[in-house]
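These are my notes from going through one model.

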Amino acid sequence: MGTTNPDLVELRDLKVAFDGVQVLHGIDLTVARGEALGLVGESGCGKSVTWLAALGLLPGKAAVTGSIRVDGRQLCGAERSDLEEVRGGRIAMIFQDPSSSLNPVLRIGRQIVEALQIHRGLRGQAARTEALRLLDMVGIPDAPRRFDLYPHEFSGGQCQRLMIAMALAGEPDLLVADEPTTALDATIQAQILDLLNALRAETGMALVFISHDLGAVSQVCERVCVMYAGRIVEEGSVAQLFSQPRHPYTRGLFDAIPRIDGPRDRLIPIPGTVPNPKHLPAGCSFSPRCPYAVDACGSTYPSLEFQGDGRRLACMRPVPAVTTSGEAKRRIHEGLMA
Ligand SMILES: Nc1ncnc2c1ncn2[C@@H]1O[C@H](COP(=O)(O)OP(=O)(O)OP(=O)(O)O)[C@@H](O)[C@H]1O
């Protein structure tokens, strides 16, 4: 299966509009089996909508067009039953807030058993044994005793682990994690990132990691895709983008990373805000905020093109290569972004 079609998910020209307002402007993106892809960008850039659309989870008023293929199977406009088979089974999605996945009035063991029943047809003792194995796998200590507890009896970090256990119940080929660690303190966040890495190593599943946190992305992903105002503006390996961001927006995101030990004045926020999708500026959507913009940037949107080094870039005035490498690279090497 994997040899003829190495891409697990292939999005082509994916567009989404709400009430006539376009918020995704043609996303082309692939996720290969087993790979970990980070999706970064400021709030409102379309990271979540991209994956909610791919999984058919947007509200009915959303107009979705383009192609969404999972293992070669077209899901855009597919029957509900086809979508449900993929959702939770082939692809699972977890969110920042565990309450979106955990039912507060059901014991945790029962919730996982139900997920196992739906996705894998397991029942009775077989389901219980597998649920305990999943709890153990995600690092919930003393699983047999805690099987009968309710979600509120677990800490925030443990709820995140429970949500991951639920997601794993369908043995997904891909886990989409939407800001899974944003609400957690640094130590717990690091533990969840370690868990995601361990689970990938153990199960071979692919991961899409949606985050504002470039440091977290660098710890779990091999490839990063940067989104701005409903478009992909740059995509490349973690090493490429971290050592030499070429899109001025990617560069701006790096400059805005808070340093744990550094003086706060080293943090340089990108001036301005993400435009309202109702009133996108002409040309490149980032041009009004871009220090490199020239007149042409305000009239023509640059297409996303492969570069000589294999990355994809949508920019007429990329950051000159010579001026970029030092600081971001140094931060990674010194582990200041962890
Ligand atoms: N249900 C909805 N109805 C109308 N507009 C929506 C809806 N969901 C998202 N949008 C809009 O779509 C755009 C993209 O939102 P999205 O949530 O994908 O951004 P994001 O990059 O994931 O941001 P965040 O990091 O805050 O989650 C935003 O302008 C948002 O307001």
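**Domains.** I looked up the domain assignment for this predicted model. It gives domain 1 as 1–90 + 172–338 and domain 2 as 100–170. I then checked where the two meet: 11 residues of domain 1 are in contact with 10 residues of domain 2. On the domain 1 side, helix H7 (residues 186–203) supplies the largest share, four residues. I sorted that side by class and got eight nonpolar, three polar and no charged residues.

**Ligand.** I listed the residues surrounding the ligand. They are Phe18, Val23, Gly41, Ser43, Gly44, Cys45, Gly46, Lys47, Ser48, Val49, Pro59 and Pro277. Which helix gives the most to this shell? I found helix H1 (residues 47–54), with three residues. By class, I noted six nonpolar, five polar and one charged residues in the shell.

**Core.** I went on to the largest nonpolar core, which has 88 residues. Which of its residues touch the most other members? My look-up returned Ile112, Leu174, Leu207 and Val208. Helix H6 (residues 156–168) gives the most to this core, eight residues. I also asked why the core lies between the domains. Domain 1 (1–90 + 172–338) and domain 2 (100–170) both give residues to it, so it lies between them. As a general note, nonpolar side chains tend to be buried together in soluble globular proteins.

I placed Asp142 in the loop between helix H4 (124–137) and helix H5 (143–146). Is Asp142 buried or exposed? I counted 9 other C-beta atoms within 10 Å of Asp142. The cut-off for exposed is 12 or fewer, so Asp142 is exposed.

I found Glu179 in the loop between strand E7 (174–178) and H7. For Glu179 the count is 19 other C-beta atoms within 10 Å.

How values were computed: Residues numbered from 1 in each chain as written. Predicted model: local features only at pLDDT ≥ 70, side-chain atom pairs only at ≥ 80, totals over all residues. Domains from an automatic or database assignment. Contact = placed C-beta atoms within 7 Å. Helix = DSSP H or I, 4+ residues; strand = E, 2+ residues; numbered from the N terminus. Nonpolar A, V, L, I, M, F, W, Y, C, P; charged D, E, K, R; others polar. Near = placed C-beta within 6 Å. Core = buried A, V, L, I, M, F, W, Y, C linked by C-beta atoms within 7 Å. Buried ≥ 20, exposed ≤ 12 C-beta atoms within 10 Å, placed from the backbone.
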